[in-house]
Amino acid sequence: MNGKVTRISGATVCVDLPDLKIGDRVFVGISRLTGEVVRLEGRIATVQVFEDNRGLGIGEPVSTTQGPLLVRLGPGLLGGVFDGLQRPLHKLQEDSGDFISSGQDPFPLDCSRSWDFSSECKVGTVLGTGAAFGRVREGHIDHLLLSPRDGTLARLNTGELQLEQPAAHFEDDQPLLGWHSWPVRKARPVRRKLPPVTPLVTGQRCLDFLFPMLKGGVSIVPGGFGTGKTVLEQTIAKFADVDVVVYVGCGERGNEMAGLLDEFNQLQDPRSDRPLMERTIIVANTSNMPVAARESSIFTAVTMAEYYRDMGLDVLFLADSLSRWAEALREISAALEEMPGEDGFPTYLGSRLSGFIERAGVVETLNGASGSLSMILAVSPPGADFAEPVTQACLRVAGALYLLDTQLAHRRHFPAINWTQSYSLYSDTALAHFTEQHEEWARLQSRCRNILQREESLREVAEVVGMEGLQDADRLLMRTAEKIRLEFLCQNSFTKDAFATPQSTLEQITKLVDEHERISAGLKEGAMLDDLLMEDGNAPG
Amino acid sequence: MRLAEHQYNSVSAIRGPLLFLDRVFAARLGELVRIETPDGRNLSGEVLKISGEQVLIQVFGGTQGLDTCNTTVSFTDAVMRVPLGTGVLGRVFDGSFKPLDDLPMFIPEFRMPVLGAPINPVARAHPVEFIETGFSTIDGLNTLVKGQKLPIFSCSGLPAREMTDQILRQARLTDGGDFVLVFVALGLTHFEYQFYLQSLEHMQSRFVSFINLADDPVVERLLAPRLALTVAEDLAFRQEMDVLVIITDMTNYCDALREISTAREELPGRRGYPGHMYSDLASLYERAGRTHNRNGSVTLLPTVTMPEDDITHPIPDLTGYITEGQIVLSRELHQKGIYPPVDVLPSLSRLMQHGIGKGQTRNDHRDLANHLYRTYAKGCDLRRLEAVVGRDGMQADDRRLLDFADRFETDFVHQGKLRRTIDDTLDTAQRLIDEFREVAR
């Protein structure tokens with residue numbers, strides 16, 4: 001099926017090609033640039049081009065695959081680095097050098113690699129859609145191969161296999177390969193969604209203790225520039241207790257991606273003692289790469305995340321940053337001359353966003369296992385003003401808010417999580433879980449919160465009357481609060497302190513709170529604060 | 001490739017820097033066109049949009065004197081390419097690559113598209129090599145590394161110009177290597193330009209400059225940084241030199257972007273700036289970097305003047321989201337007579353962690369920097385209290401912190417026109433900390 005280009009306005013191109021559907025993938029021009037149909041009017045289709053289309057001329061040929069944009073799913077995705085269209089960046093570098101050129105379409109999986117395929121199925125086994133027909137070993141995980149359709153197995157070839165060699169055949173002689181494809185924008189089906197119950201340990205004391213996250217939950221991390229969104233996201237990517245991490249650098253800095261790759265190749269996963277990269281998939285669509293591919297990058301990435309979830313694994317999806325995705329949506333919408341909503345964003349921003357975020361959750365997979373997909377999403381509000389549409393739209397669907405504070409960042413308090421405005425709707429569930437393991441957890445958490453809140457109100461008083469104008473009890477509280485802030489909430493991501501187990505988190509806060517209670521008890525008996533501190537071996541504060 | 005070059009006289013409309021041409025056969029997006037004015041001048045332009053047979057062209061060099069009857073346009077069948085080669089060194093060009101130094105155009109070795117291509121993220125090498133700028137506030141507390149993009153956020157009337165000028169003369173690599181300088185003036189006044197000219201003359205053949213002054217065509221203000229960065233990429237990634245790109249002033253660039261965007265009738269975003277300004281700025285800033293395969297590097301130091309001293313204004317805001325940190329100048333410090341008036345608290349270098357310490361600067365660098373930051377931040381917090389109760393009404397400890405904050409500003413931040421080596425910087429830091437501890441006893 002062939003047509004031609006009739007109109008070009010930036011990356012938005014009109015083509016004359018009949019019988020297209022919305023979402024179909026088309027190849028535009030002589031250099032076969034990838035595009036997606038976004039609007040149809042009679043014979044004329046409006047196509048969003050995902051690559052740099054400078055030099056594209058009127059009348060150049062257009063063709064289509066008659067199907068949507070696809071993500072290729074199979075063993076070998078882990079450790080991969082892809083762009084927003086799932087093009088493997090290492091392969092692109094081999095093919096075309098250090099700079100990315102348009103019109104390249106290498107296959108994302110390595111078809112020359114052999115996998116040791118084993119199966120519990122037999123000839124005659126009836127497979128449903130999404131049922132496992134075998135497994136291969138991928139790094140530290142058992143990679144289940146899932147059937148993309150239903151049918152009865154007629155033949156089975158176990159042993160060393162490459163991806164293009166059939167692992168099995170159905171009775172109708174259709175082969176089952178080690179990989180299959182899936183539409184980028186379609187959520188993968190599950191039997192049902194389950195409520196999230198297990199805490200996701202991030203290794204960040206402030207988060208795990210005050211604002212815990214659950215496996216299958218969604219939290220958002222808004223913060224102005226320089227508040228440490230990226231460092232926080234990357235630190236969580238390193239240490240979170242999940243099986244697979246999918247990290248999307250969506251419209252962010254190239255140098256940061258380079259740093260992330262360096263580190264992930266060198267660092268070991270503390271749980272499996274293998275390189276961190278082996279449990280990670282990176283999607284990198286930096287800010288200077290084409291805008292439309294930035295828009296699709298989060299969908300490409302979440303589809304890969306769902307694929308691993310469907311094997312019954314715990315997957316963590318991190319995106320940095322969702323605002324860049326929303327801006328890409330805005331640019332595309334403006335190019336289509338749609339009516340703008342708030343701040344120029346299209347009015348469907350909210351629904352598109354909730355459609356995406358709802359792909360997170362704990363699920364019972366088609367294979368009968370339970371898997372989870374959790375999301376921690378960075379948001380970059382312009383001017384650090386949280387009233388803007390993207391933050392607000394995210395807040396309506398996210399279960400936890402980790403608000404990064406510019407003032408804290410200026411004081412080099414990192415992670416700069418504001419403890420008065422952040423919240424987690426998962427607190428109660430997580431607390432029940434943690435309290436089972438450490439019965440003190442709930443008491444300490446409320447005490448710690450209480451001390452930090454008191455400090456907030458006392459600080460205003462102290463600013464007027466000075467510290468020595470405060471009563472001893474209040475001075476003690478200010479002192480403890482400072483210690484909690486500096487020794488407990490602050491956590492340096494560049495040292496060994498970057499990861500804290502729940503056990504060590506609890507020990508640390510117990511020490512601080514106990515000391516506070518002890519001195520507090522002394523004060524009640526009439527002793528002076530400075531004397532008590534001296535006894536405790538501390539300099540008067 | 002078209003065999004015959006066809007000339008069109010079918011201009012239907014001219015609006016600001018934009019020209020509409022009808023009945024065009026087979027134009028290309030981004031194609032370079034030649035425009036002949038009724039009085040025989042030659043201009044160039046670029047195809048922005050094609051709708052069937054109608055083509056929208058952005059004209060470089062201003063549309064004064066164009067009409068709809070006698071203007072002719074011819075298509076070149078090529079996107080705009082930048083002439084490159086070693087002949088570019090030591091030269092001064094305007095915003096459309098015409099020599100301004102009365103010398104003939106150099107003979108290009110080859111040409112590259114002006115927009116460049118994004119560096120593949122896996123080909124990038126993480127920037128780690130320390131650059132000494134000679135300023136304590138940058139070297140010690142907000143370290144610049146090779147391949148970084150670090151803007152200076154200034155306010156009108158602050159000496160960003162003097163600072164930039166000093167950096168371009170003083171910047172050194174740890175191995176003592178020099179930089180090749182690519183200097184881009186965007187919308188500068190003649191007065192400001194004269195100032196830089198003296199420094200450029202000292203650089204002899206280690207520089208290239210692109211000059212678009214305040215009364216030069218606005219469209220060229222968008223082109224000049226792209227020409228400069230294409231040249232910089234060539235010097236860095238083909239000829240393996242370390243290139244320092246200085247762009248001043250990006251605020252003028254963004255205003256030009258707004259002007260052109262309005263002429264194109266695009267939807268205005270915050271404060272009238274176009275919604276694609278983030279992507280547009282990123283297409284410039286992201287060209288800084290290093291790669292694993294090549295020795296050269298592009299380090300980018302743009303200046304941004306914050307309108308109304310407001311760091312949340314869209315220009316500094318979007319810049320801060322793209323660049324790897326920012327150096328923020330403060331009017332308050334400037335009024336205290338401190339030079340350079342760098343406010344270290346909102347300043348930041350994101351790539352500092354890997355560019356300091358053993359092998360780059362000194363082992364004690366990280367600790368000293370953290371210590372200075374923490375103590376100075378405490379001192380600054382106390383200044384509000386001081387304003388209420390007065391210094392005499394404060395505890396001895398607090399007075400000590402206040403003294404430290406003052407000393408930090410006068411001894412560490414302030415250095416006048418002197419160049420400090422990294423050792424000088426760290427020694428000064430150590431001395432301040434020692435003195436602070438001394439008083440405590």
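Trainee: Which elements of chain A have the lowest and the highest mean pLDDT?

Mentor: In chain A, helix α14 (residues 529-535) has the lowest mean pLDDT (81), and strand β25 (residues 361-364) has the highest (97). Chain A averages a pLDDT of 91, with 99% of the residues at 70 or above. This is a predicted model, in which local features need pLDDT of at least 70 and side-chain atom pairs count only at pLDDT 80 or more, while totals for chains, interfaces and linings use all residues. Residues are numbered from 1 along each chain as its sequence is written, and chains are lettered from A and ligands numbered from 1 in the order in which they are written.

Trainee: How many residues does each chain bring to the contact between chain A and chain B?

Mentor: Two residues are in contact if their C-beta atoms, placed from the backbone, lie within 7 Å. Here the contact takes 55 residues from chain A and 60 residues from chain B. Among the elements of chain A that each supply at least two residues to its side are β1 (2-9) and α11 (441-465), but α4(A) gives the most, with seven residues.

Trainee: Which strand of chain B pairs with β1(A), and in what sense?

Mentor: Two strands pair if DSSP finds at least two bridges between them. β1(A) and strand β5 (residues 42-51) of chain B pair in the antiparallel sense over three bridges, and Ser9(A) stands opposite Lys49(B) in β5(B).

Trainee: Is Ala263(B) buried or exposed, or something in between?

Mentor: A residue is buried if 20 or more other C-beta atoms lie within 10 Å of its own, exposed if 12 or fewer, and partly exposed in between, with C-beta atoms placed from the backbone. Ala263(B) is partly exposed, because 15 other C-beta atoms lie within 10 Å. Ala263(B) is found in helix α5 (residues 250-263) of chain B and, not counting residues up to four places away in sequence, touches Arg15(B), Gly16(B), Pro17(B) and Leu18(B).

Trainee: Which residues touch the most other members of the largest nonpolar core?

Mentor: A nonpolar core is a set of buried Ala, Val, Leu, Ile, Met, Phe, Trp, Tyr and Cys residues joined through C-beta atoms within 7 Å. Of the 280 residues in the largest one, Val246(A), Phe317(A), Val184(B), Val243(B) and Val245(B) touch the most other members, and helix α4 (residues 218-237) of chain B gives the most to this core, with 13 residues.

Terms used:
Helices (H or I, at least four residues) and strands (E, at least two) are DSSP runs, numbered from the N terminus. pLDDT is the predictor's confidence in each residue, from 0 to 100.
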